Amino acid sequence: MNYPSELKYTRDDEWLLEEDGVATVGISDYAQHELGDLVFVNLPEVGDEVVAGEAFADVESVKAVADVISPVSGEVLEINEDLLDDAALINEDAYAAWFVKVGNVTDKEELLSADEYEAYNETR
Amino acid sequence: MKLIFEKSIPGRGQQIFPACDVPEVLPKVELRKSVAHLPEISENEMGRHYTALAKRAHGVNDGFYPLGSCTMKHNPRINEKMASLPGFTKLHPLQPACSVKGANELITGLEKALCEITGMDGVTFQPAAGAHGEFTGLLFIKSYHESRGDHERNEIIVPDSAHGTNPASATMAGYKTVEIKSNDKGMVDIESLKAHLGPKTAGLMLTNPNTVGLFDENIMEITKLVHEAGGLCYYDGANLNAVMGVVRPADIGFDVIHMNLHKTFSTPHGGGGPGSGPCGYKAFLAPFAPGLVSRDGGEYTRAEKSFGNMTGFYGNFLVMVKAYTYILTLGKEGIPAAAKNAVLNANYMQEKLKDLYPVAYDTTCMHEFVLCLEEIHKNDKVSALDVAKALLDYGIHPPTMYFPLIVHEALMIEPTETETKETLDEAITAFREIYEQIKNAPEAVCACPQTTPVLRLDEVKAAREPVLKYQF
């Protein structure tokens with residue numbers, strides 16, 4: 001399992017990268033591993049508001065559909081349209097397969113460091 | 001196997017129509033410009049084609065079908081016989097009321113029977129299927145709040161063990177879904193419920209027994225709390241089979257309910273015919289009922305504040321004939337006896353399997369139980385999917401897999417009341433033999449099935465690159 005140290009994580013298995021006031025969000029390697037082969041991704045639209053702690057996207061695997069919870073509140077600036085055509089990109093590299101870029105961030109969920117998130121996953 | 005379109009040979013029709021002696025009245029613009037792509041095949045070849053397809057499928061007629069939460073019981077043949085009576089099949093919904101007294105009596109009789117089973121005061125047969133019934137139930141709740149000028153209530157509470165249709169129906173009805181946690185017994189976590197109840201609560205949707213096969217022991221407190229917060233309680237009738245004739249949803253605090261006639265009341269599932277998801281309601285919700293409402297004396301009128309039509313006319317009538325036949329065949333003693341046998345069968349299987357396959361919640365279950373294969377998956381690298389595939393080689397339809405989501409590597413087993421002890425024993429033996437194989441030759445389990453018309457399918461490819469229609 002891979003836990004890049006430059007990222008922050010949530011207990012709902014999203015990762016977050018903050019650069020110049022823009023938050024890039026995706027799901028963790030642990031999440032893609034638990035879900036198995038992903039077949040479909042639903043993303044919000046550019047301009048949508050996302051709310052910290054609430055679902056903003058969903059991912060579908062052969063087993064199940066799971067909500068993706070936003071770690072931040074803000075406005076969607078960009079979405080990764082490549083995922084809409086090929087959800088397998090998330091299985092290949094969960095940290096390259098970002099979901100959305102969020103700007104005007106006003107609120108954040110409690111975030112974990114890579115070490116904290118790794119320790120949390122070992123207890124599950 | 002070839003598709004019927006691939007068997008088609010131009011000119012090899014089976015019908016010879018006489019020249020049309022009726023003048024064409026459709027305007028030219030309405031007429032299609034090219035000939036429809038219909039397979040051209042002889043009657044004999046067509047019969048063989050569909051028989052071959054039937055041989056490759058598995059239904060309750062072929063063997064055990066313990067698909068959890070789907071209640072795949074045997075449907076008595078007398079249901080079909082009654083529904084094929086010409087007095088029923090040749091009716092038209094626009095016939096004068098005086099010529100359909102028998103059908104009206106049947107609808108009224110079925111409504112009364114379902115009211116008696118559920119404790120509700122009225123039932124609408126308009127919903128055409130289960131999720132449509134959920135949507136209807138939510139429109140009752142919405143109409144109720146709006147009629148009181150209570151426009152702030154926009155949240156529907158749904159437990160994390162719910163069927164996926166619950167949040168979907170709530171969204172369709174314009175509500176926001178609020179998910180609450182289950183406790184360590186698999187039941188509604190009261191504290192989580194309390195934390196989410198408030199002036200925005202429109203209602204709670206609950207399946208009881210729930211999807212892990214347990215009757216919520218706090219049900220009276222749960223419905224009381226929702227009512228105290230000003231919300232209504234919606235009973236998802238998906239698992240009504242476990243309690244029909246034993247516990248009435250109205251008596252445990254529910255205001256509105258849908259029933260799946262195809263699960264509980266032995267009408268055909270899926271492709272076997274149209275669905276029916278009647279929605280029962282308490283008297284205070286009657287003014288909002290959809291469609292036409294029966295009145296004493298056999299007349300049908302609209303409810304004063306009706307929220308409209310959910311479908312045309314009265315719903316899928318012939319399905320109602322089958323359900324009513326079933327209820328009358330079983331009678332007042334048979335209905336609860338069927339429920340109790342469903343519970344007995346599930347507990348028998350659970351007891352005979354739980355030493356090998358851990359049960360998600362180790363307690364007396366209702367009509368179904370959930371095995372948790374998480375440890376087996378971790379230690380032996382055999383997943384719930386692999387065990388499901390292995391069961392195919394025993395001629396058993398796999399249980400529901402990976403549901404409910406709160407149990408990892410779940411196999412959800414619902415034997416139903418119509419299986420014999422011998423069939424249950426055979427299935428138990430199959431499960432136990434598969435367990436032996438997991439321990440001795442796990443790779444063999446992962447290579448199952450070996451005896452089915454098609455072997456293991458590439459489910460990922462099927463989901464990612466589905467081919468949904470024949471390309472001409």
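Two strands pair if DSSP finds at least two bridges between them. Helices (H or I, at least four residues) and strands (E, at least two) are DSSP runs, numbered from the N terminus.

This is a predicted model, in which local features need pLDDT of at least 70 and side-chain atom pairs count only at pLDDT 80 or more, while totals for chains, interfaces and linings use all residues. Residues are numbered from 1 along each chain as its sequence is written, and chains are lettered from A and ligands numbered from 1 in the order in which they are written.

**View 1. An open sheet of seven strands in chain B.** Follow the order β1-β7-β6-β5-β4-β2-β3, where the pairing is mixed. β1 (122-124) and β3 (176-180) of chain B each have a single partner strand, so one side of each is left without a neighbour in the sheet.

**View 2. Strands β4 and β5 of chain B, joined by five bridges.** Here β4 (residues 201-207) and β5 (residues 232-237) run parallel. Look for Leu206(B), whose bridge partner in β5(B) is Tyr235(B).

**View 3. Helices α10 and α13 of chain B cross at roughly 30 degrees.** The axes (lines fitted to C-alpha atoms, for helices over the stretch in contact, with angles from 0 to 180 degrees between N-to-C directions) of α10 (residues 317-353) and α13 (residues 421-440) come within 10 Å. That makes α10(B) roughly parallel to α13(B) (angles under 35 degrees count as such). Residues in contact (C-beta atoms, placed from the backbone, within 7 Å) include Tyr348(B) and Met349(B) of α10(B) and Ile428(B) and Phe431(B) of α13(B).

Definitions and conventions:
Angles under 35 degrees count as roughly parallel, over 145 as roughly antiparallel, 65 to 115 as roughly perpendicular and the rest as oblique. Two residues are in contact if their C-beta atoms, placed from the backbone, lie within 7 Å.
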